Amino acid sequence: MNSRRTTAAALLLAAFMLVSAACGDGGSKTQADTAAGTSTPPASSNTGSTSTSADASKSKPAETTAASTNGQNQASGTPGVKQTAQTDTKSGTKTDDIQVAANPADVAVLVNKTYKLPDNYKPQDLVDPNVPFTFKEKLEKRKMRKEAAAALEKLFQAAKKDNLPLAGVSAYRSHETQKTVYDRYVKKDGEAAANKYSAKPGHSEHETGLAIDVAGSSGKCAAEDCFGATKEAKWLAEHAADYGFIIRYPEGKESITGYQYEPWHLRYVGVDTAKAIVKQGVTLEEYVKNAVPVTKPKS
Ligand SMILES: [Zn+2]
């Protein structure tokens, strides 16, 4: 193997590791993954985070999210949600209650441990948002769907204006990448353990092109629990909905979302839906469930 080829192979490996080290994607990482993950990327990344941030991840997030948990919500005003589902007959999965999103391109699409994207789904309008990331490379995980990318640019501009510049950590992840990541975790820790911190292929919101993990521009606490105690996290909880994003996995809602509090994981759902979700103090799961009976799908 000549040296040029060796270099290319090393770069490929580095790129893969950068991708696969990304956030829990709606899957909280184990301590080991946190320590080995985004805080110590192998390539010439400039996350600015150091090994101390892994230690800091043990600290409990101090801030609660925007969603005031005042309980009962009204199913009125449910724009953009046309969530329906059908039984997945092709996935070959053992569990019967996995549903396939019928409108995977809907910006309010519900993707979680029960609802999955169709196996062949790939967002058709992925672009590179013009925002800083914690890495310099042109990687898949910069991409978002066009509408979400435009909203993200506005969100980042607003945060910067308030002297809290943000950086993207990880956005889009293809079905193939998610499968590779998940399979690797299963091989390493076994399926049961892997399911606790990694989403199965088709079940990660990052595959929609509508989700992104963010951090402060220093990259400190990127995709780690300690991010919850930062000014940036507090700002996001207060302002994200104005730009169409929600804190997708709020604190105290694990039993509904299936995921622990992830103050860094933003999901674009559109401004009206995001504001309604915050106003009602609900999760996307609750919002969509309430929306279905009152929203007639277009025929
Ligand atoms: Zn995420």
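**Stop 1: Gln260**

Select Gln260, which sits in the loop between helix H8 (254-257) and E9. The model on screen is predicted. Is Gln260 buried, exposed or partly exposed? Gln260 has 19 C-beta neighbours inside 10 Å, so it counts as partly exposed; being buried takes 20 or more. Pro250 and Gln260 are 10 residues apart along the chain, and their C-alpha atoms are separated by 7.6 Å.

**Step back: the whole chain**

Zoom out and colour by secondary structure. The protein chain has 10 helices and 9 strands. It holds 299 residues, and 47% of them count as buried. Look also at how the chain meets itself. Take the contacts between residues at least 6 apart in sequence: 72% of them join residues at least 24 apart.

**Stop 2: the open sheet**

Select E6, E7, E9 and E8. These 4 strands form an open sheet, in the order E6-E7-E9-E8. Their pairing is antiparallel. Which strands stand at the edges? They are E6 (166-170) and E8 (245-249). Each has a single partner strand, so one side of each is left without a neighbour in the sheet. Turn the view along the sheet to follow the twist, which averages 45 degrees from one strand to the next.

**Stop 3: strand E9 and its partners**

Select E9, residues 262-268. Burial is complete here: 7 of the 7 residues of E9 are buried, so the strand is largely enclosed by the rest of the structure.

Pick out two facing pairs:

- Asp213 lies opposite His265 in E9.
- Ala211 lies opposite Arg267 in E9.

Now cross to the E8 side. E8 and E9 pair over 4 bridges, again in the antiparallel sense. Two facing pairs to show:

- Ile247 lies opposite Leu266 in E9.
- Tyr249 lies opposite Glu262 in E9.

How many residues of E8 are buried? The count is 5 of the 5, so E8, too, is largely enclosed by the rest of the structure. E8 is still an edge strand of the sheet, with a single partner strand.

**Stop 4**

Leaving out residues up to four places away in sequence, Phe245 touches Ala151, Leu155, Ala240, Leu266, Arg267, Tyr268 and Ala274. Show them together.

Phe245 also belongs to the largest nonpolar core, which has 55 residues. Which residues have the most contacts inside it? They are Leu152, Ala240, Phe245 and Ile246. H4, E6, E7, helix H7 (231-239), E8, E9, H9 and helix H10 (284-294) each supply at least two residues. H4 gives the most, with 7 residues. In soluble globular proteins, nonpolar side chains tend to be buried together.

**Stop 4: helix H4**

Select residues 146-161, which make up helix H4. H4 has 16 residues and reaches 23 Å from its first C-alpha to its last. That is close to the 22 Å expected at 1.5 Å a residue. Highlight its buried residues: Ala148, Ala149, Ala151, Leu152, Leu155, Phe156 and Ala159. Now look down the helix axis. Why do these residues line one face of H4? The buried residues of H4 fall within an arc of 160 degrees, so they line one face of the helix. Asn163 follows H4 and has a positive phi, near 60 degrees.

**Stop 5: Glu153**

Go back into H4 and select Glu153. Glu153 has 15 other C-beta atoms within 10 Å, so it is partly exposed. What does Glu153 touch, not counting residues up to four places away in sequence? Its contacts are Pro129, Asn130 and Val131. Draw a line to Asn130: the two C-alpha atoms are separated by 6.3 Å, and the residues are 23 apart along the chain.

**Last stop: helix H9**

Select H9, residues 271-280. Buried here are Thr273, Ala274, Ala276, Ile277, Val278 and Gln280. Ala274 is one of the residues that Phe245 touches.

Note on methods
Residues numbered from 1 in each chain as written. Predicted model: local features only at pLDDT ≥ 70, side-chain atom pairs only at ≥ 80, totals over all residues. Buried ≥ 20, exposed ≤ 12 C-beta atoms within 10 Å, placed from the backbone. Contact = placed C-beta atoms within 7 Å. Pairing = 2+ DSSP bridges. Axes fitted to C-alpha atoms, helices over the stretch in contact; angles between N-to-C directions. Core = buried A, V, L, I, M, F, W, Y, C linked by C-beta atoms within 7 Å. Expected span 1.5 Å × (residues − 1). Arc of directions from axis to C-beta.
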